[in-house]
Amino acid sequence: MQAQLAHQIALAPTGDIMIACAGAAVFLGVLALFFGALLSIVRSDLTGGMKLVWVLFALVAPFLGCLLWFLVGRRDSERRAGIA
């Protein structure tokens, strides 16, 4: 019983460190996605008004806005540039 308890106590800090590292990795990934999306929006061929809409959407809903930009907005921006 004591050996099992000692083993669980010894593993507790390791698990906390792994959870903290995983959380930091996710945070850095979302941060990179956010700044990448903002840079991509600003460099796109969209008009000023549409850029403002996408930037505001990315600021209001950082993860969802950036994800939608890369899935929908960037493709639409490239398609419009080809038409003009």
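In which helix of the protein chain is confidence lowest, and in which is it highest? By mean pLDDT (the predictor's confidence in each residue, from 0 to 100), the lowest value falls in helix α3 (residues 62-83), at 79, and the highest in helix α2 (residues 48-60), at 91. The structure is a predicted model, in which local features need pLDDT of at least 70 and side-chain atom pairs count only at pLDDT 80 or more, while totals for chains, interfaces and linings use all residues. Residues are numbered from 1 along each chain as its sequence is written, and side-chain values use heavy atoms, with hydrogens and water left out. Over the protein chain, the mean pLDDT is 82, and 77% of the residues reach 70 or more.

The secondary structure consists of three helices and zero strands, where helices (H or I, at least four residues) and strands (E, at least two) are DSSP runs numbered from the N terminus. Along the sequence the pattern is α-α-α. Of the 84 residues in the protein chain, 18% are buried; buried means under 20% relative accessible area, exposed over 50%, and partly exposed in between (1.4 Å probe, protein chains only). Among contacts (heavy atoms within 4.5 Å) with a separation of 6 or more, 55% join residues 24 or more positions apart.

The largest nonpolar core has nine residues: F34, A37, L38, I41, L46, W54, A58, C66 and W69. Such a core is a set of buried Ala, Val, Leu, Ile, Met, Phe, Trp, Tyr and Cys residues joined through side-chain atoms within 4.5 Å. Helices α1 (2-43), α2 and α3 each give two or more residues to this core, and the largest share, four residues, comes from α1. In soluble globular proteins, nonpolar side chains tend to be buried together. Leaving aside residues up to four places away in sequence, the core residue W69 touches A37, S40, I41, S44, L46, W54, R74 and S77.

Residues up to four places away in sequence aside, F70 touches L33, G36, A37 and S40. The C-alpha atoms of F70 and G36 lie 9.5 Å apart, across 34 residues of sequence. R74 is also partly exposed, because its relative accessible area is 36%. Apart from neighbours within four places in sequence, R74 is in contact with S40 and W69. R74 and S40 are 34 residues apart in sequence, with a C-alpha to C-alpha distance of 7.9 Å.

The protein chain exposes about 6200 Å², of which carbon and sulfur atoms supply 74%; accessible areas come from the Shrake-Rupley method with a 1.4 Å probe, and for residues only the protein chains shown count as cover. A nonpolar surface patch of about 730 Å² is formed by V26, V30, F57, F63, L64, L67, L68, L71 and V72. Patches are made of residues with over 30% relative accessible area and no salt bridge, like charges being joined within 9 Å and nonpolar side chains (Val, Leu, Ile, Met, Phe, Trp, Tyr) within 5 Å. A salt bridge is a side-chain nitrogen of Lys or Arg within 4 Å of a carboxyl oxygen of Asp or Glu. Helices α1 and α3 each supply at least two residues of the patch, and α3 gives the largest share, six residues. F57, one of the patch residues, is found in helix α2 and is partly exposed, with a relative accessible area of 31%.
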